[in-house]
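Welcome! Have a look at the structure below, and then we will walk through it together, one place after another.

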Amino acid sequence: MSEPGAPAGPRWQTQCGIGVALLLTAAALWFDIRNLPVSPAVGVGPSAALKLVGAIVAILGLCHFIGAWRARKVRHSQAVDHGNRASLAIVLAALVGQILLLEVGAGFIFSSLWLFALTARGFGERVGPKSVAIGATLAILVYLFFTKALSLALPAGPLERLFG
């Protein structure tokens, strides 16, 4: 818990570090895009989604820098950033669980649903029908977008076979 008069959120140095990490991630995505083959047909190729994600991650990185610049003026040196180890552990367990589920053949949709539900739990949302429904809807939409619109293969499991 923070002090009653202390500003909310992370210190400006932490925000700046997150901004650097996001910009490095965006740069890595844009660097990897150069190694993808050119689309054989006219239209959206395999690099389109990476370009979009890279641009969004870069924008988030810049937003963190703007937030850090504004926060440095406020007396954030009084704020103590303890982090939330339990939430971090839940999100990391969700990511490891997704990798394991993909390895045992559960498929993209179920493993993405697992990742969504546990990440939502890590951010304080109760895992219930609402979060499962949102996660399932998003996972199915992403699966259909990548497999049908972009013609990319994603790991298939029992649920993916229903979509043929």
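Phe110 counts as partly exposed, because its relative accessibility is 37%; the label covers everything between buried (under 20% relative accessible area) and exposed (over 50%), with a 1.4 Å probe and protein chains only as cover. You will find Phe110 in helix α4, residues 108-122. Together with Leu159, Leu162 and Phe163, Phe110 makes a nonpolar surface patch of about 380 Å². Such a patch is built from residues with over 30% relative accessible area and no salt bridge, where nonpolar side chains (Val, Leu, Ile, Met, Phe, Trp, Tyr) are joined within 5 Å and like charges within 9 Å. A salt bridge here is a side-chain nitrogen of Lys or Arg within 4 Å of a carboxyl oxygen of Asp or Glu, and areas come from the Shrake-Rupley method with a 1.4 Å probe, counting only the protein chains shown as cover for residues.

A word on the model: it is predicted, so local features need pLDDT of at least 70 and side-chain atom pairs pLDDT 80 or more, while totals for chains, interfaces and linings use all residues. Residues are numbered from 1 along each chain as its sequence is written, and side-chain values use heavy atoms, leaving out hydrogens and water.

Now step back to the whole chain. The protein chain has six helices and zero strands; helices (H or I, at least four residues) and strands (E, at least two) are DSSP runs, numbered from the N terminus. Of its 164 residues, 25% count as buried. The chain exposes about 11,100 Å², and carbon and sulfur atoms supply 70% of that area.

Next, follow helix α5, residues 129-149, where Ala136 lies. Ala136 is partly exposed, since its relative accessible area is 21%. Ala136 and Leu113 are 23 residues apart in sequence, and their C-alpha atoms are 5.5 Å apart in space.

Helix α5 also holds Thr147. Is Thr147 buried or exposed? Thr147 is buried, because its relative accessible area is 18%. A polar atom of the Thr147 side chain lies 2.7 Å from the backbone oxygen of Tyr143. Beyond neighbours within four places in sequence, Thr147 is in contact (heavy atoms within 4.5 Å) with Leu152 and Leu154.

Finally, look at the rings. Rings of Phe, Tyr and Trp (its six-membered ring) pair if their centres lie within 6.5 Å, with planes under 30 degrees apart called stacked, over 60 edge-to-face and the rest tilted. By this rule there are two aromatic pairs. One of them joins Phe145 and Phe146 edge-to-face, at 5.6 Å centre to centre and 85 degrees between the planes. Phe145 is partly exposed at 42% relative accessibility, and Phe146 is partly exposed at 23%.

Methods. A polar contact is a pair of N or O atoms within 3.5 Å; within protein, one must be able to donate a hydrogen and the other to accept it, and residues adjacent in sequence count only if both atoms are side-chain atoms.
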